[in-house]
Amino acid sequence: MLGYLVRRFFIMIPTLLAISLIVFLIIELPPGDYLESYVSELQAQGETVDQKHIEFLREQYGFDKPVLTRYWEWVTGMVVGDFGFSFEYRLPVSDVVGDRLFLTILVSTVTIIFTWIIAFPIGLYSATHQYSWGDYGLTFIGLLGLATPNFLLALIMLYFANVIFGTSIGGLMDPDYIDQPWSWDKAMSVLEHLWIPVVVIGTSGTAGMIRRLRANMLDELQKQYVTTARAKGLPPLRMLLKYPLRNAINFFIADIGSLLPNIISGAELVAVVLSLPTTGPVLIAALQSQDMYLAGSFLMFLASLTVVGVLLSDILLAWLDPRIRLAGGVAK
Amino acid sequence: MSIETGNDRQLDHYVSKAPFDPRSIEALPPEQERYYLASQWQLMWWKFIRHRLALISGGFLLLMYGSILISEFLAPYNLHSRNINAIYSPPQSVHIFHEGAFIGPFVYGTHYKLNLRNLRREYTEDTSKIYRVNFFCRGDEYDFWGLGTGDLHFFCIEEGGTLFLLGTDRLGRDILSRILYGARISLTIGLIGIMMSFVLGMVIGGIAGYYGGVIDLVVQRIIEILQSFPQIPLWMALSAVLPVTWSPLLIYFGITVILAMLDWTGLARAVRSKLLALREEDYCLAAQLMGAKPKRIIGRHLMPGFMSHLIASATLSIPTMILGETALSFLGLGLRPPITSWGILLNEAQNISVVALYPWLILPVAPVILVILAFSFLGDGLRDAADPYK
């Protein structure tokens, strides 16, 4: 087991490296650099531009160095927690990001748990009552959830919250707590506001999971061990919980790999609509002003979150499912 | 008891004169014969039409795609016609009876007042004025696909009246017309994108699956890395780096390429796993022995075997593309006006205060959801039908 953990951990490193390469490529893609657009912006505002100041900035941020050196500095900086410098905010990226990373992780984690709690019983019901009215109804609702893009769902919910309750459901905490240090009251306020983004972001993931769980369970239910258990007179519910469900649980954990990118993508978009203090709005603002180091760091962070999530799910799976070959590495 | 001789009571020996058909014992009822002799595509079609929802969805999509050919004719107004007297006008309702008397479809005139308390534009119906809705009438002039100009519309309003069935936006442009025009971009971007990613997926997956070994390993790693990116942030980053100087049309193609570039992975995986299994088949070996080149073997012998599956899964990934474009344009990172897509229309509804005052701005959500649902049902039906022997 330990050997598997170590090996699985080391497989992650080239993946992260490759991701960092792609992200850096994106950072470098726009023609010119931030300083050029900064200069033209200043000129457009009619301000005089001190060439020396620009040269100083250029040197300080390393724009004069070759690409490979910059890539190397960026990557090694990230390892020790230095994510580069945001030109827009004139602050180190880690300062801009601050709480937002934590809130993004919080929202994503709670959304995954929500997805599981909802998808589990519904998927189970749909599979055991295949082609019943309940199954059709739930499948249809699931498809609707899958088809409704979550940022549009956020818009629709905003509208109805406004019409019915007369309140705005945006934000992740009461306005009083913004920029306040963490306290018990602030945490409670976050919890109160959390459910709306969680429901909005989780809907499509939940719908997808219900469909996959249903298909998986249907496959399991046709297997012979189920027939055997039934023939032996096991009560249906106990049979269900004891055998097919156990196989389905493994699937739940393995599904994190496809669920996590989906949730993080959705969370970024929904965050803009609901103006959540997560990474989403900052990422978009950074992309719009081509503050590429900030954007790149965010992208890198989101991708790493996915990779680490998949790593965790693999470890959990290896621990739970004895059928997983720990030896690995055998080519087909 | 006497014993009679055989000659007296000999039984007639019956011989059928009809010609003998040695296979008559295996004869099938006609309906079964029809089934067994049908081609694979025929079988798939029969299976597909049993899936009612998929059939309806397919019909709906055909209608939608048909409508983009004649958007100019269907839309009561032009894409950019502005009506400064009807800014943020709410949807008008069509009436048939006026004070109990039958008139046919008509709308009342509107009366406009600015509410100075919340700065909201308020429109009230003015029942003294009646404007009939006409069909096949002359209205805004448009350029029809560069073939010439026309002014025939499916329906429009009598001179002097306005007909905003879904309201208007901040420039007084008719939202229904804009949705009809927007379909052109929103629906085609998915199709063009899927074609590109289809080709990419088939070529890359085909090479990986057929050759195996190192190539396969490298391709697999690339796919894994691409799939570990959260899709939308990566799309956003890529479309943010499209040069500002590009024309809207170039941006349209740029966005399509970006959407396709990150979408081929799923298809490539499917192609690869199928090819890995199929290349071991005898008919593949036979082709190799006869000297066929890999390109021919993959394209001619292997691909047709699972084409139907590929088409089904491609259909299922069109919604992702449509959504991707909508999300990007919604955030202002995708297409740019004057190109109009459903995402661009929704961009105006980004602000909650606007949505609260003028809720009809979020109506373009409806076609997005309908089209995505239809593609999902159609894809489901196709997937079931792709395996007609099951």
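1. **Basis.** This is a predicted model, in which local features need pLDDT of at least 70, side-chain atom pairs count only at pLDDT 80 or more, and totals for chains, interfaces and linings use all residues. Residues are numbered from 1 along each chain as its sequence is written, chains are lettered from A and ligands numbered from 1 in the order in which they are written, and side-chain values use heavy atoms, with hydrogens and water left out.

2. **Chain A overall.** Chain A has 15 helices and two strands. Both are DSSP runs, numbered from the N terminus: helices are H or I with at least four residues, strands are E with at least two. Chain A has 332 residues, and 45% of them count as buried. Buried means under 20% relative accessible area, exposed means over 50%, and partly exposed lies in between, with a 1.4 Å probe and protein chains only. Among the contacts in chain A with a separation of 6 or more, 73% join residues 24 or more positions apart. A contact means heavy atoms within 4.5 Å.

3. **Interface.** The size of an interface is often given as the accessible area lost when the parts come together. Here chain A and chain B bury about 3,500 Å² between them. Buried area is the accessible area (1.4 Å probe) that two parts lose on being put together, summed over both. Carbon and sulfur atoms carry 83% of it. In chain A, the residues that lose the most area to chain B are A:L155, A:Y159 and A:L287, together 15% of what that side buries. The contact involves 41 residues from chain A and 37 residues from chain B.

4. **Nonpolar cores.** The largest nonpolar core holds 164 residues. Such a core is a set of buried Ala, Val, Leu, Ile, Met, Phe, Trp, Tyr and Cys residues joined through side-chain atoms within 4.5 Å. The members that touch the most others are A:W74, A:L287, B:L187, B:M236, B:L335 and B:W342. Helix α11 of chain B (residues 294-331) gives the most to this core, with 15 residues. Apart from it lies another core, of 15 residues, including B:Y131, B:L163, B:L180 and B:Y181.

5. **Cavities.** There are two cavities of 30 Å³ or more. On a 1 Å grid over the protein atoms alone, a cavity is a set of points where a 1.4 Å probe fits but cannot get out; lining residues have an atom within 4 Å of a point. Grid points are joined across faces, edges and corners, and a volume is the space filled by probe spheres set on the points. The largest cavity holds about 70 Å³. Its lining is B:D169, B:I175, B:R178, B:L345, B:E348, B:L361 and B:P364. That lining has four nonpolar, no polar and three charged residues. Ala, Val, Leu, Ile, Met, Phe, Trp, Tyr, Cys and Pro count as nonpolar, Asp, Glu, Lys and Arg as charged, and the others, Gly among them, as polar.

6. **A:R100.** This residue sits in helix α6 (residues 99-128) of chain A. A:R100 is partly exposed, at 24% relative accessibility. A:T278 is 178 residues away in sequence, yet 4.4 Å from A:R100 in space, C-alpha to C-alpha. Leaving aside neighbours within four places in sequence, A:R100 contacts A:L276, A:P277, A:T278, A:T279 and A:V282.

7. **B:Y210.** Helix α5 (residues 175-211) of chain B contains B:Y210. B:Y210 is buried, with a relative accessible area of 10%. Beyond four places in sequence, B:Y210 contacts B:L275, B:R279, B:Q288, B:P294, B:I297, B:I298 and B:L302. B:L363 is 153 residues from B:Y210 in sequence and 48 Å from it in space, C-alpha to C-alpha.

8. **B:M307.** Helix α11 of chain B also holds B:M307. B:M307 is partly exposed, at 23% relative accessibility. Leaving aside neighbours within four places in sequence, B:M307 contacts B:F198 and B:M202. B:A386, 79 residues away in sequence, is 8.7 Å from B:M307, C-alpha to C-alpha.

9. **B:F136.** Check the backbone here. B:F136 has phi near 50°, a positive value in a residue other than glycine. B:F136 lies in strand β3 (residues 120-143) of chain B. B:F136 is exposed, with a relative accessible area of 54%.

Key:
1 Å grid on protein atoms, 1.4 Å probe; cavity = no way out; pocket = protein on both sides within 12 Å on 5 of 7 lines; lining within 4 Å.
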